[in-house]
Amino acid sequence: MSGGIFFGINIGVKSLRAQQLAMNVTGHNIANANTPGYSRQVANMETGFAVPVPSNNRWRGAGQLGTGVEISEVRRIRDQFIDWQIRAESGVLEEWKARHDALNQVEVVFMEPSDTGLSSLFSDFWNSWQELSKFPESSSVRTTVKETAVALAEAFRYSYARLENIEEGLDRKMEIAVNEANSILSQVAALNEQIKYIKVGGDNPNDLMDKRDLLLDSLANLMDIEVKPVFAQVAGKTIATGEVTVSINTSDGRINLVGPDLPGGHQQLERSGLEVSVGGSLLELNAGEMYGLQKTGFSSVTDTSSINYYKNKLDVLAKGLAEILNDIHQGGLTLKKDESDNWINGGDFFVFRDAEGNLIASEDFSAKYLYVNPVIEADVGYIAAGRVESGEEFNPGNRENALLIASLRNLRLSLDSDGNLQQDAAGDLKFETFYQNFVAELGVATREAERMVENQKTLVGQLVNRKEAVAGVSIDEEVANMIRFQHAFQAAARYIRVLDELSQTIVNGLKA
């Protein structure tokens, strides 16, 4: 009968069960206090349904009689807006980390300022020509000119090769990132299926959703994704299935990478160099590690955070130096004579040739192929240190050409419409200042990347702290909850014992 002793005992039993379940949830929270990605869980309690149906033996009194407590659900505490913020800002952080790492490697290539960088080698090269202008017949001084030139050309080739190695490293990193992204996409799709079946059954798969969110956080570090919940119409009502879609911008619009309508629940990314595509559509990234790799690795000659920018600058410097110096060197005279006993004119001092020794066309001139003319390397007598006007007598002590080449150190230069160095009396560049300028640009780009990394770390750290304040496990709070549930459990047990004593009084009284 409603309101009877056994009715009360049932209320007590439901209370015991509710407090015990809440205690188990608290224990689960404490056990996972240090588990990455775990969101604290709570057991939501609500009053049981009240006795609703009037009858002849209905409890007499004001209002309906409650039936105790019930656990409506065990849910995790999670702020989806903070999750979105963290994923967006973490993607930007990883982008700048990738750019900063690449630029740091480029700085190591140039090693400026130092005694082993190109700047120092340039100084030695010009000084050797200045010394040759004093002793134009000296074989040892000529050898010094040759050796400093060989060292300078080798430094150009070495720097260019190291930049290419960095680009190859970026390509390898992109391969690793794409493989990791594909692995995450397949795992998220599998979790979607598990979560859907559990959710449709009326339960909350909290731990599975935590695992999925942890994977989505990792995916957001790689590329800028958008995550949305999936809803379905059931019996005229819109319900959440527990699944999510993961989409990204592409050249053909926004495309789902994960979704219930896709075969197998997800798509696979494909890579061609630093370009990443899905289903034939190129990804248009705006954040994440992949975007950072593209920004530093793509062939941009205008972006100072692009490795190709510095390769192009090396090419311009090597080509300008070789062409301007060669033009002067060709107008000078060597210490060698031809079969007619005429002094031989100087040839190219620097040449561009491939690994097989074949000369390269001028349109393909690059620091990668810069060498000292093999003829000069074999015999320093072919260095053209002298120069005479037409009709004048030449003698081996003539130093005019060496002086002209030494003066190139202070030659005024400018960039033409094609971006090549040219002589310009009104120009504001020199060979060494051109080099120093783009090294300074590298330093600024690196410091900017470093600043952005530090700023993003601070921002992401603040967001993570906000997330932990909401979803993180506080041991002190859980211990307080444990004591609260313990006292409630003890009170419920005491309540049942009192009802038991009442029932014994009634039974024993009837016997009397």
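Helices α2 and α10 are roughly antiparallel to each other (an angle over 145 degrees), because their axes cross at roughly 155 degrees. Here, helices (H or I, at least four residues) and strands (E, at least two) are DSSP runs, numbered from the N terminus. Helix α2 covers residues 80-110 and helix α10 residues 431-471, and their axes, which are lines fitted to C-alpha atoms over the stretch in contact, come within 8 Å. The angle runs from 0 to 180 degrees between N-to-C directions. The crossing of α2 past α10 is left-handed, with the near helix turned anticlockwise from the far one by less than a right angle.

The structure is a predicted model, in which local features need pLDDT of at least 70. Residues are numbered from 1 along each chain as its sequence is written.

Helix α5 spans residues 206-222, 17 residues in total. From its first C-alpha to its last, α5 reaches 25 Å, close to the expected 24 Å, a span given by 1.5 Å times one less than the number of residues.

Strand β7 (residues 275-278) is joined to β8 by 2 bridges, and V278 has S281 in β8 as its bridge partner.

Methods:
Predicted model: local features only at pLDDT ≥ 70, side-chain atom pairs only at ≥ 80, totals over all residues. Heavy atoms only, no water. Parallel < 35°, antiparallel > 145°, perpendicular 65-115°, else oblique. Pairing = 2+ DSSP bridges.
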